[in-house]
Amino acid sequence: MKTRLLRPAVLRSVAVALGLGLVTLFVAAPAGAGTEYAEIEGSGSTWAYGIIAPWIAQVQSAYGMQITFNQSGSSQGRKDFANGVTDFGDSDIPYQGVDPTTGQTDASSRPYAYAPVVAGGTAFTYHLTVGGHLVDNIRLSGETITKIFTNKITNWADPQITKENGGHAFPSETIKPVVRSDGSGATAQFTLWMDKQYPALWRPFNGGKAGLTSIFPRQGSQIAVAQDAGVMNTIKGSGGEGEIGYTEYSYPLQAHYPVVYVENRAGYYVQPTQYNVAVALTQARIIGCTNNGSCSPNGVPANSYLTQNLDGVYTYKDARTYPLSSYSYMIIPAAKADPRMTVSKRQTLADFLSYSLCTGQSLAGPYGYSPLPLNLVKAAFGQVEKLGPQAEGGAVAGVNIKNPSANLAGCNNPTFVKGNLAANHLAQVAPMPLACQKATSQPCGDSTVPPGTNGGSTPSGGTSPTSAPTGSTPTGTTGPATAAGGTAPDGGAAPDGGTAPVTNADGTVTTAEGATGATTTPTATVLAAQRQSDTAIWGWTAVLELLAIVLLPGLYVAWTRRQRGVR
């Protein structure tokens, strides 16, 4: 009996089918797949731009969405949305009504809703060299940071800085604070923290005025530049010696530049890793959300629903907490009659947000941010419905929004704990700082302590934090790295110096960041065994790959032999 072998065309068809099957498994279609997309425009936060840019690159590559975003700063983003210049905005703070320091009007008559999209830490990056080498293990208390940015401490050899660094004096150099020149959410969050924690220092410097401001009141030798990327580029430049500035952690992480170890209320010096931010934000009070993790807009003004009160974050006494942690928000149109929003634009924005709130959250940690907890993702999806079925003034026909509020099992988010909205897996697995990170201990060696290290011997020369996968990176920064040999998701660039994760004896994984329990890949902190959906996907993927690897080569060889026999 002769065995009939597959023809080359059939073999190619099988290969294509298997390949398409793999792609289908890896790339889940957004809620509105199959509908027409239209280009949408947004503007705002440069603090959040480090994650918004790769999100945009991902949805453009995977789904063909066309989205432009101008990283103009939170203040401009709020203004652009209010004036109807953009389809959506992003801001690290809500509309203030009136800026308490500048007196500028900050409001919108255009109906809107806030949707939290990502968490992160405001970091303090600096440029200080000793013997031609960049110092990368500076420790500073909140009081010292405030004194630096209010011109009370002006030299790196100041006794207070020396004391906080175990008695090791830095060179006698002038400290040059770098602040934002534009209206900035980072400035607002930083000045709010100073006002809440060190009012006796901040308010006299701020002309006797209490509260936050989006425009830093620059004085003396302070250097003012626009955007987070501008702060980063100024500090890492050839003339940056002695400078220190504030920016979202993503920027120094991607630029391979050090950030200050900030003292928290537990007396430990920590950095804004995704773990430390997640721990800190368990103490954030979200307007409209209860302590058990449920959120509802009922009885809450639309202009305050889901906004944040960070008082508890600043004072949290968990040893792992990073005190300057916060959320950033998308500002989306809420009215059916919004003149800018066509059905296609609404669909594009809804699907972009759906991606950002689920798959996009898995990129947060590697890019220097921290993913949202489940209750805020669920609440944000409720806000997304205002683009269609729940729009003010009536439902908008033709907008297909699949609301996953009742079933979020498909969301690929490292913080989710199934069945418990109040829990935060990332905070639960956050490693404790080393004993040498305690304020009463000598600093950990002569170099950087890998952020989030959770045990073992004291490093005597750690490495600077490894960065995230490249894709779309903030202007002026270098592309971050994945683990060695890795590739950024959906066409991202290859690594540029990342360190491969190490598997420990207990089965945990330690990355170049020093964090145990996660790798530097986007889905690092999600264990497949914890999710049936993940297990099913990866199980079928393994089967298909096995079929492709085992069957196709053999079939092809058999066919070629048969062809030779025919001749």
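C358 and C411 are both buried, where buried means under 20% relative accessible area, exposed means over 50%, and partly exposed lies in between (1.4 Å probe, protein chains only). These two cysteines form a disulfide, with their sulfur atoms 1.7 Å apart; a disulfide is here a pair of cysteine sulfur atoms within 2.5 Å. The pair links distant parts of the chain, 53 residues apart. C358 is in the loop between α12 (343–357) and α13 (374–384), and C411 is in the loop between α13 and α14 (425–428). Helices (H or I, at least four residues) and strands (E, at least two) are DSSP runs, numbered from the N terminus.

This is a predicted model, in which local features need pLDDT of at least 70 and side-chain atom pairs count only at pLDDT 80 or more, while totals for chains, interfaces and linings use all residues. Residues are numbered from 1 along each chain as its sequence is written, and side-chain values use heavy atoms, with hydrogens and water left out.

A disulfide is a covalent bond between the sulfur atoms of two cysteines. How many disulfides does a search of the whole structure find? The search finds three. Counting the bonded cysteines along the chain, the disulfides of the protein chain follow the pattern 1-2, 3-4, 5-6.

Another disulfide joins C289 to C295, with an S to S distance of 2.0 Å. The link of C289 and C295 is right-handed, with 105 degrees about the S-S bond. C289 has a relative accessible area of 16%, so C289 is buried. C295 is partly exposed because its relative accessible area is 23%.

C436 and C444 also form a disulfide, and their sulfur atoms are 1.8 Å apart. The link of C436 and C444 is right-handed, with 110 degrees about the S-S bond. C436 is buried because its relative accessible area is 9%. C444 has a relative accessible area of 4%, so C444 is buried.

Now turn to the threonine. T150 is found in the loop between α4 (142–149) and α5 (159–164). Is T150 buried or exposed? T150 is buried, because its relative accessible area is 4%. Leaving aside neighbours within four places in sequence, T150 is in contact (heavy atoms within 4.5 Å) with L201, W202, F205 and Q222. The side chain of T150 also reaches the backbone oxygen of T146 at 2.7 Å.

How values were computed
A polar contact is a pair of N or O atoms within 3.5 Å; within protein, one must be able to donate a hydrogen and the other to accept it, and residues adjacent in sequence count only if both atoms are side-chain atoms.
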